[in-house]
Amino acid sequence: MNHYVYLIEKRNALPNQEKYYIGVRSCEGLIGDDSYMGSSKYLTENIEKTGQKEFNKIILKRFNNREEAVQYEIDMHNEFDVANNPLFFNKAKQTSLGFIGGAGENNYFYGKKHTLEDRKSTRLNSSH
């Protein structure tokens, strides 16, 4: 498994309209072949609107494990205050190492399913 933190930059942006995104990713294949761009709906909408060729993905740092990668993402989000910085597509900062378990069989929830009772409880609790 490969783990890395990356920066997406919007190319050819007008001055004062530059946009960036900092994310973390774990992938099975080569990092250079990973086409994943990010989870921000603002980034995704902008890519769909202007085309992926307008964006550049830069690998900031590679890691031996997911925990170190997420911690670095947290540090970068704090350094640039991405949730409040208008130069970033990120609208929230990564704040926790929670829910880290790896992909596939390495994930603690692999092969399990939420019960109907769990799903109902989650929907009820998220409405508050």
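Met37 touches Tyr6, Ile8, Tyr21, Leu43, Ile47, Gln52, Phe55 and Lys57 when residues up to four places away in sequence are not counted, a contact being a case in which heavy atoms lie within 4.5 Å. The structure is a predicted model, in which local features need pLDDT of at least 70 and side-chain atom pairs count only at pLDDT 80 or more, whereas totals for chains, interfaces and linings use all residues. Residues are numbered from 1 along each chain as its sequence is written, and side-chain values use heavy atoms, with hydrogens and water left out.

Met37 is placed in the loop between β2 and α1, where helices (H or I, at least four residues) and strands (E, at least two) are DSSP runs numbered from the N terminus. Met37 counts as buried because its relative accessible area is 12%; the term buried stands for under 20% relative accessible area, exposed for over 50%, and partly exposed for values in between, with a 1.4 Å probe and protein chains only. Between the C-alpha atoms of Met37 and Leu7 there are 9.1 Å in space, although the two residues are 30 residues apart in sequence.

One of the partners of Met37 is Ile47, which belongs to helix α1. Ile47 has a relative accessibility of 13% and therefore counts as buried. Apart from neighbours within four places in sequence, Ile47 is in contact with Met37, Gln52 and Phe55.

Of the 128 residues, 27% count as buried. Among contacts between residues at least 6 apart in sequence, 59% join residues at least 24 apart. The protein exposes about 8800 Å², of which carbon and sulfur atoms supply 48%; accessible areas come from the Shrake-Rupley method with a 1.4 Å probe, and for residues only the protein chains shown count as cover.

Gly23 is found in strand β2 and is buried because its relative accessible area is 1%. With neighbours within four places in sequence left aside, Gly23 is in contact with Tyr4, Val5, Tyr6 and Glu73, while its C-alpha atom is separated by 9.3 Å from that of Ser40, 17 residues apart along the chain. Ile59, in strand β3, has a relative accessible area of 29% and so counts as partly exposed. Residues up to four places away not being counted, Ile59 touches Tyr4, Val5, Tyr6 and Ile31. Ile59 and Val5 are 54 residues apart in sequence, yet their C-alpha atoms are 6.2 Å apart in space.

The largest pocket holds about 300 Å³ of space. On a 1 Å grid over the protein atoms alone, a pocket is an open set of points where a 1.4 Å probe fits, with protein on both sides within 12 Å along at least five of seven lines, and lining residues have an atom within 4 Å of a point. Grid points are joined across faces, edges and corners, and the volume is the space filled by probe spheres set on the points. Of the 21 residues that line the largest pocket, Tyr21, Ser39, Ser40, Glu73 and Asn90 are the closest to its centre. The elements that give two or more residues to this lining are β2 (20–27), α1 (41–50) and α2 (66–80), and β2 gives the most, with six residues. By class, the lining has eight nonpolar, seven polar and six charged residues; Ala, Val, Leu, Ile, Met, Phe, Trp, Tyr, Cys and Pro count as nonpolar, Asp, Glu, Lys and Arg as charged, and the others, Gly among them, as polar.

Asp81 lies in the loop between α2 and α3, and its phi is near 45°, a positive value in a residue other than glycine. Most residues other than glycine have a negative phi. Asp81 counts as partly exposed because its relative accessibility is 30%.

Confidence is expressed as pLDDT, the predictor's confidence in each residue, from 0 to 100. The mean pLDDT of the protein is 81, and 72% of its residues reach 70 or more. Confidence is highest in strand β3 (residues 55–63), at a mean of 96, and lowest in helix α3 (residues 116–126), at 51. Over residues 121–128 pLDDT stays under 50, and for these residues the model has zero contacts beyond four places in sequence.
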